[in-house]
Amino acid sequence: MTAEDTLQPLQALLSLRLADGRPCSEYDLLRWLQQPQQGLFSPTALQETQSMFQAHFLLMHCLYSLRQQWANERSALLDISALQIQKHPWPAHSQQQQPDQHDPLAAYYLDLQHLQTSDDDIEQLLRNFWQRLLQPADEAADLATLELQPPTDAGEIRLQYRKLAMRHHPDRGGQPERFRDIQSAYQRLRQRYL
């Protein structure tokens, strides 16, 4: 089954699912689409990185397409956010013509070429996400917790973590709070550097 074969029934199902205006999350929609009654996404669609990315991408493509269609018809507004997806009636006295035409997420998801993103590129997207999620102030604090200063690299971080973990481990008489701080800092830095 090609992406185009999936898009029309998927968009129709989403239109029906969102019709009552109740908010839902992306995860709720993905799980709903995995149900045998819908028959569009396999039960294993969320178990591997590539299939999860493709299921997510197809869902978002159809949601942004619906948002655009409903705005063109002036029939409804569709809020799409990380926490909530919800259809709202078109405001009777609204001058709003279209959703923001400069929405980079909409542009990304409406371009079906992105559906063929490679495993390596998906991994890079995930690494970039975690790097953006961690603020630079956190990085400086985490480096200070590991008694390091920038510039540093993955090897130095790993060695320093091992050294401090051994020294501050509660089984060796260290403070549990200090040990937890070291572990937390290392895990955050690991996402950024390793």
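This is a predicted model: local features need pLDDT of at least 70, side-chain atom pairs count only at pLDDT 80 or more; totals for chains, interfaces and linings use all residues.

Me: What share of the chain counts as buried?
Reply: Of the 194 residues of the chain, 37% count as buried.

Me: How many disulfides are there?
Reply: The count comes to zero disulfides. A disulfide, in general, is a covalent bond between the sulfur atoms of two cysteines.

Me: Are Cys24 and Cys62 buried or exposed?
Reply: Cys24 counts as buried because its relative accessibility is 4%, and Cys62 also counts as buried, at 0% relative accessibility. The cut-off used here is that buried means under 20% relative accessible area.

Me: New topic, what about helix α8, how far apart are its ends?
Reply: Helix α8 covers residues 176–193, and its 18 residues should span 26 Å at 1.5 Å a residue, while its end C-alpha atoms are 25 Å apart, which agrees.

Me: Which residues of α8 are buried, and where do they sit around the axis?
Reply: The buried residues of α8 are Phe179, Ile182, Ala185, Tyr186, Leu189 and Arg192. Seen down the axis of α8, these buried residues fall within an arc of 145°, so they line one face of the helix.

Me: Why would residues three or four places apart point the same way?
Reply: An α-helix has 3.6 residues a turn, so residues three or four places apart point the same way.

Me: What about α7, which of its residues are buried?
Reply: In α7 the buried residues are Ile157, Gln160, Tyr161, Leu164, Ala165 and His168. They cover an arc of only 130° around the axis, which puts them on the same side of α7. The face of α7 turned away from that buried side carries the exposed residues Leu159 and Arg162.

Me: And how does the length of α7 compare with the expected one?
Reply: With 15 residues, α7 reaches 21 Å from its first C-alpha to its last, close to the 21 Å expected at 1.5 Å a residue.

Me: What about α3, how far apart are its ends?
Reply: The 25 residues of α3 should span 36 Å at 1.5 Å a residue, and its end C-alpha atoms are 36 Å apart, which agrees.

Me: What comes just after α3?
Reply: Just after α3, Arg74 takes a positive phi of about 55°, and Arg74 has its place in the loop between α3 and β1 (76–80). Arg74 is partly exposed because its relative accessible area is 36%. For background, most residues other than glycine have a negative phi, and most peptide bonds are trans.

Me: What is the phi of Glu147, and where is that residue?
Reply: Glu147 has a positive phi of about 60° although it is not a glycine, and its place is in the loop between α6 and α7. At 45% relative accessibility, Glu147 counts as partly exposed.

Me: Which residues does a cis peptide bond join?
Reply: A cis peptide bond joins Pro150 and Pro151, with omega at about -5°. Pro151 lies in the loop between α6 (136–145) and α7 (154–168).

Me: Last one, where is Ser118, and how far is its C-alpha atom from that of Gln50?
Reply: Ser118 has its place in the loop between α4 and α5, and it is partly exposed, with a relative accessible area of 32%. Although Ser118 and Gln50 are 68 residues apart along the chain, their C-alpha atoms are separated by 7.8 Å.

Key:
Residues are numbered from 1 along each chain as its sequence is written. Side-chain values use heavy atoms; hydrogens and water are left out. A disulfide is a pair of cysteine sulfur atoms within 2.5 Å. Buried means under 20% relative accessible area, exposed over 50%, partly exposed in between (1.4 Å probe, protein chains only). Helices (H or I, at least four residues) and strands (E, at least two) are DSSP runs, numbered from the N terminus. The expected span of a helix is 1.5 Å times one less than its number of residues. The arc is that of the directions from the helix axis to the C-beta atoms.
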